[in-house]
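Subject: Structure for you to look through

Hello,

Here is the structure I said I would pass on. Please open it first, then read my notes below.

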Amino acid sequence: MSTPRITWIGLGHMGTPMAMNLLKGGFDVAVYNRSAEKIKPLTEAGAKSFTKIEEVVPNSNVVFTMLSDDSAVTSVYEDLMKSDISKKLFINMSTISPELTIRLSQEIESKGGHYLDAPVSGSVKPATDGTLIILVAGREIDYEASTMFFEKLGKFSLYLGEAGLGAKAKLAINYYMSVVIEGLAETVLFAEKNGIDRETMMFIVNESACGSGMSKMKTPAIIQDNYPAAFPLKHMDKDIRLAQKEGLNTEVSTAMARIFGEAMKADLADKDLMAVIKAVKSEYFK
């Protein structure tokens, strides 16, 4: 690959610290975001910026995208592919449906471009610390050319094979996370109902064989009953439904879809996914 001229599109909870880590890694980075106010922290750190999406492809040879859902990704890539994308590399780190990521791969490669499906496992702190797990699929030669970027973004990257497998692996790990989070919510609420306060119960969980990085990360939020978003609940709701569309059809998955759906109805969409505890309490622990 020639000297990489990178543009990062999507400066949300995850995109901003990830783009910042590429900057800190010494790469030439430009940014584009539809909400212009989110660009400022990156430009203050040395990034260039584009005000129009049509400026991105002609001035980049590597384009990263980190967007919220299928609709946002579809819209952005439709605009990107209006330019000549020949020999350009697109690294999509968004969590989207396998169907869409496969279609994007086919369309981009048919126009002479290259595409990697590279969602990540991890939330805001790992994104900030550069300790994400990066689940990569697409052409292996493109993966090998991109490891220099992934080394700045995560503690490791894993090559999984053809496009679509990254998205499928991400849906699987996120589904597991939904079960862990909901189970933790039930555990805490059951204990609380029976006279054991949250702080004591979380100490028991964390010091037992059941303790995990996830339980320890969520302990302050649970004790304080305050859920600023590290992983917005609306994204988990989306991912459970995408997993079901890919064939996850169990009683547990149906229960997860229902309780996260109830949390969405309770206006918890923009809270951290641990806020599902409020929906669980309302439904089962009144």
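In helix α1, the buried residues are Gly15, Thr16, Pro17, Met18, Ala19, Met20, Asn21, Leu22 and Leu23. Buried means under 20% relative accessible area, exposed means over 50%, and partly exposed is in between (1.4 Å probe, protein chains only). Because 9 of the 10 residues of α1 (residues 15-24) are buried, this helix is largely enclosed by the rest of the structure. Just after α1, glycine 26 has a positive phi of about 95°. Helices (H or I, at least four residues) and strands (E, at least two) are DSSP runs, numbered from the N terminus.

Keep in mind that this is a predicted model: local features need pLDDT of at least 70, side-chain atom pairs count only at pLDDT 80 or more, and totals for chains, interfaces and linings use all residues. Residues are numbered from 1 along each chain as its sequence is written, and side-chain values use heavy atoms, with hydrogens and water left out.

Next, strand β8. With 6 of its 7 residues (132-138) buried, β8 is largely enclosed by the rest of the structure. Two strands count as paired if DSSP finds at least two bridges between them. Strand β6 (residues 114-117) runs antiparallel to β8, joined by 2 bridges; here aspartate 117 has alanine 137 as its bridge partner. Strand β7 (residues 120-121) is also antiparallel to β8, over 2 bridges, and valine 120 is partnered with isoleucine 134. On the parallel side of the pairing, β8 and strand β9 (residues 154-161) share 6 bridges, with leucine 132 partnered to glycine 154.

Then the salt bridges. A salt bridge is a side-chain nitrogen of Lys or Arg within 4 Å of a carboxyl oxygen of Asp or Glu. By this rule there are 17 salt bridges. One of them joins lysine 245 and glutamate 99, with the closest N and O atoms 3.5 Å apart. Lysine 245 lies in helix α10 (residues 233-245) and glutamate 99 in helix α4 (residues 98-110), so the pair ties together parts that are 146 residues apart in sequence. Lysine 245 is exposed at 58% relative accessible area, and glutamate 99 is exposed at 53%.

Glutamate 262 and lysine 265 also meet in a salt bridge (3.5 Å, N to O). Both lie in helix α11 (residues 251-265), 3 residues apart, about one turn of the helix. Glutamate 262 is partly exposed at 26%, whereas lysine 265 is exposed at 64%.

Regards
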